[in-house]
Amino acid sequence: DSDVRGLVAAFNSSGTLQWGFELHGTGSNRVAGLCCDASGNSYVALGGSGGAVPLIAKLDGSGAVTATLNLDSSEVSDLHGIYLQGTTLIVAGTHASGGLAIVLTDTSLSTPTGARLYDTAGAMSYPRTVRFGYYGGFYFFNFAANGGNLCLAKLSPAILAAPTATFGNRFQIVPFTPSSAAYTLSTTSTGANYTTSSVTPDVDGITSSPAIASPSLTDYFAS
């Protein structure tokens with residue numbers, strides 16, 4: 001298969017593979033980020049290219065997909081990370097018109113809202129790497145742009161929920177409503193829908209007994 005497929009796998013504390021699944025569609029998909037909650041659920045952001053629809057999937061403790069949210073690729077062209085703060089999921093990606101696309105949703109993956117953050121001087125084009133932080137009631141976004149600057153933004157949850165026309169120095173933040181595409185997660189068809197398929201030992205490099213040696217200090221420091 002020439003497509004890139006996202007792979008999510010769980011291991012226990014002994015390093016034994018518990019379960020693994022591919023999440024993929026008709027385009028080239030990759031896992032852009034993953035976070036977990038205290039109940040054992042995992043939230044996976046899938047981005048990609050080649051016509052792939054950006055996707056957020058919720059998996060329970062056994063790896064079963066319990067909810068999905070497909071984003072309109074005409075608004076969000078790619079995803080770069082996902083962050084859970086309380087019961088709010090924050091997903092960051094590339095806006096189709098340039099700049100950082102921030103999507104907010106809850107842990108049920110319902111009713112998403114979005115904000116586009118971009119440099120009004122034109123220095124920031126399409127973000128590629130995004131890191132999240134939360135401190136003192138503010139969200140922090142550290143992101144690198146393709147052909148632009150390294151940017152750091154500090155935003156309050158209120159601004160993200162109801163963004164205004166301008167923010168800070170040179171930045172503009174505007175709202176958009178991420179529409180949900182009509183894709184559904186299927187376990188049987190590959191077609192235009194995202195699918196899951198179980199990962200067996202030695203498939204895509206995942207084995208049930210990975211041979212990973214314990215590192216020592218001599219591995220990293222010269223004598």
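**Reading the core and the rings**

A: The model is predicted.

Q: What describes a pair of aromatic rings in general, and which class does the pair of Phe-132 and Phe-141 belong to?

A: A pair of aromatic rings is described by two quantities, the distance of the centres and the angle of the planes. A search of the whole structure finds three such aromatic pairs. For Phe-132 and Phe-141 the ring centres are 5.6 Å apart and the planes stand at 70°, so this pair is edge-to-face. Ring pairs also link Tyr-83, Phe-132 and Phe-141 into a cluster.

Q: How are the rings of Tyr-134 and Tyr-139 arranged?

A: Their centres lie 5.1 Å apart and their planes meet at 50°, so the pair is tilted. Tyr-139 is buried, with a relative accessible area of 6%, whereas Tyr-134, at 34% relative accessibility, counts as partly exposed.

Q: Which charged residues sit over rings?

A: Arg-116 lies over the face of Tyr-118, at 3.9 Å from the ring centre. Over the ring of Phe-138 sits the charged end of Lys-154, 4.4 Å from the centre of that ring.

Q: What is Ile-102 in contact with, once its neighbours within four places in sequence are left aside?

A: The contacts of Ile-102 beyond those neighbours include Ile-90, Val-91, Phe-141, Leu-155, Leu-160 and Phe-176.

Q: Is Tyr-43 buried or exposed, and which side chain does it join through a polar contact?

A: Tyr-43 belongs to strand S4 (residues 42-49) and, at 0% relative accessibility, counts as buried. A polar contact of 2.7 Å joins its side chain to that of Asp-37. Leaving aside neighbours within four places in sequence, Tyr-43 is also in contact with residues including Cys-35, Ile-82, Leu-84, Leu-89 and Thr-107. Separation in sequence and in space should be read together: Tyr-43 and Leu-59 are 16 residues apart in sequence, with 6.4 Å from C-alpha to C-alpha.

Note on methods
Residues are numbered from 1 along each chain as its sequence is written. This is a predicted model: local features need pLDDT of at least 70, side-chain atom pairs count only at pLDDT 80 or more; totals for chains, interfaces and linings use all residues. Side-chain values use heavy atoms; hydrogens and water are left out. Contact means heavy atoms within 4.5 Å. Helices (H or I, at least four residues) and strands (E, at least two) are DSSP runs, numbered from the N terminus. Buried means under 20% relative accessible area, exposed over 50%, partly exposed in between (1.4 Å probe, protein chains only). A polar contact is a pair of N or O atoms within 3.5 Å; within protein, one must be able to donate a hydrogen and the other to accept it, and residues adjacent in sequence count only if both atoms are side-chain atoms. Rings of Phe, Tyr and Trp (its six-membered ring) pair if their centres lie within 6.5 Å; planes under 30 degrees apart count as stacked, over 60 as edge-to-face and the rest as tilted. A charge sits over a ring if NZ of Lys or CZ of Arg is within 6 Å of the ring centre and within 35 degrees of the ring normal.
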